[in-house]
Number of protein chains: 2
Amino acid sequence: MTAPARRPGRRPGRSSSRDDILAAARVLFGERGYDKASIRAIAAAAGVDPALVHHFFGAKEELFAAAMEFPVDPETILPLILAGPRAEIGERLVRTFLRFWSDPRLRPQFVGIIRSATTSETGATLLRDFITSQLFARVAAVLEVPGLNLNAAAAQLVGVVMFRYVLEMEPMASASDDELVALLAPTIQRYLDA
Amino acid sequence: MTAPARRPGRRPGRSSSRDDILAAARVLFGERGYDKASIRAIAAAAGVDPALVHHFFGAKEELFAAAMEFPVDPETILPLILAGPRAEIGERLVRTFLRFWSDPRLRPQFVGIIRSATTSETGATLLRDFITSQLFARVAAVLEVPGLNLNAAAAQLVGVVMFRYVLEMEPMASASDDELVALLAPTIQRYLDA
């Protein structure tokens with residue numbers, strides 16, 4: 001197979017080969033999982049030579065880490081979640097979490113993380129790190145929540161997006177964010193109040 | 001690669017080639033997921049010829065369905081969950097669910113379902129059917145719970161076993177069943193009370 005010359009979504013002056021590779025990697029890791037998304041296929045989708053992928057990112061595992069890196073800065077979101085009444089933090093957390101998953105630019109990356117986490121040690125480590133060190137754990141550190149409660153809250157939210165976006169299970173797949181916030185916020189609030 | 005002649009766990013008079021194949025399929029689907037577990041590898045692990053696998057089960061998809069079939073009869077469990085006070089049904093459901101996952105003979109099969117559901121359409125369909133038509137949905141039908149609440153409860157439990165047994169995330173991986181029941185039962189109870 002030869003790499004096609006097309007560069008999907010490429011806008012001259014607003015992108016770069018490096019960005020194209022990352023975007024293609026997110027789509028392919030998301031669709032196929034870590035093991036089945038090859039460097040060759042990612043290079044083809046980005047319209048570059050596989051050697052350029054290696055030049056920018058080294059091995060597949062490093063490309064994966066770069067592609068799956070949390071796409072928003074927790075320092076920006078944390079104040080949004082922590083601001084406001086303590087009794088409504090569950091609602092703010094669920095709403096913020098669902099808002100990121102609703103973004104079609106970010107979702108393939110998140111789906112890729114879930115898919116890869118169940119099938120490769122690299123993916124599992126990444127999701128563990130993501131949950132332990134990112135947004136969620138920082139909220140917990142500020143609120144002094146026990147680790148097991150934090151796990152239960154994260155498991156509820158990861159379970160929900162797995163049902164909604166990976167398994168596409170009804171009625172959860174078609175429910176509105178508002179319906180889900182109403183249903184899930186009290187659960188998360190209870191775990192964070194402990 | 002040639003199939004080795006060993007038959008792990010085989011006890012003469014207490015097993016059969018058919019059972020050996022199913023046991024090997026559960027282990028390999030569980031470890032590798034649907035796509036990467038080949039009929040050849042499953043036959044090798046069971047100590048039989050691949051032709052015998054096809055003879056008993058036909059195509060890989062049929063073997064998968066047979067291997068992943070819910071290993072306990074919902075009709076046996078349902079009365080256990082429904083018996084007793086309505087206000088404690090969340091606790092009984094969580095405890096029963098965790099007890100099945102604690103059984104080392106059943107766990108590979110359950111892990112296989114989760115792993116395959118995130119990476120193949122066959123696996124996703126199986127998990128959707130499993131949740132929609134098995135134990136959980138039957139409890140909901142008796143209690144007249146809305147579908148979205150049922151999804152939320154199932155998502156919480158699937159998220160928990162994914163953290164505990166697939167990602168091996170701490171402290172959830174090392175927590176006792178009693179700790180988890182105390183933490184999760186009120187969540188499930190609230191969803192089923194709606």
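This is a predicted model: local features need pLDDT of at least 70, side-chain atom pairs count only at pLDDT 80 or more; totals for chains, interfaces and linings use all residues.

Trainee: Okay, how many helices and strands does chain A have?
Mentor: Chain A has 11 helices and 0 strands.

Trainee: And how much of chain A is buried?
Mentor: Buried residues account for 52% of its 194 residues. Chain A still exposes about 8700 Å², with carbon and sulfur atoms supplying 54% of that area.

Trainee: Switching topic: what domains is chain A divided into?
Mentor: Domain 1 covers 17-68 and domain 2 covers 74-193. Their centres, taken over C-alpha atoms, are 26 Å apart.

Trainee: How many residues of domain 1 of chain A are in contact with domain 2 of chain A?
Mentor: 13 residues of domain 1 are in contact with 12 residues of domain 2. Between them the two domains of chain A bury about 960 Å², and 63% of that is on carbon and sulfur atoms.

Trainee: Which residues of domain 1 of chain A lose the most area there?
Mentor: Gly30(A), Phe64(A) and Met68(A), which together make up 47% of what the domain 1 side buries.

Trainee: How many salt bridges are found across that interface?
Mentor: The rule finds 0 between domain 1 and domain 2 of chain A.

Trainee: Last one, the core. Which residues touch the most other members of the largest nonpolar core?
Mentor: Phe29(A), Leu63(A), Phe29(B) and Leu63(B), out of 140 residues in that core. Leaving aside neighbours within four places in sequence, Phe29(A) is in contact with residues including Leu63(A), Phe64(A), Met68(A) and Arg115(A).

Definitions and conventions:
Residues are numbered from 1 along each chain as its sequence is written. Chains are lettered from A and ligands numbered from 1 in the order in which they are written. Side-chain values use heavy atoms; hydrogens and water are left out. A nonpolar core is a set of buried Ala, Val, Leu, Ile, Met, Phe, Trp, Tyr and Cys residues joined through side-chain atoms within 4.5 Å. Buried means under 20% relative accessible area, exposed over 50%, partly exposed in between (1.4 Å probe, protein chains only). Contact means heavy atoms within 4.5 Å. Helices (H or I, at least four residues) and strands (E, at least two) are DSSP runs, numbered from the N terminus. Accessible areas come from the Shrake-Rupley method with a 1.4 Å probe; for residues, only the protein chains shown count as cover. Domain bounds come from an automatic or database domain assignment. Buried area is the accessible area (1.4 Å probe) that two parts lose on being put together, summed over both. A salt bridge is a side-chain nitrogen of Lys or Arg within 4 Å of a carboxyl oxygen of Asp or Glu.
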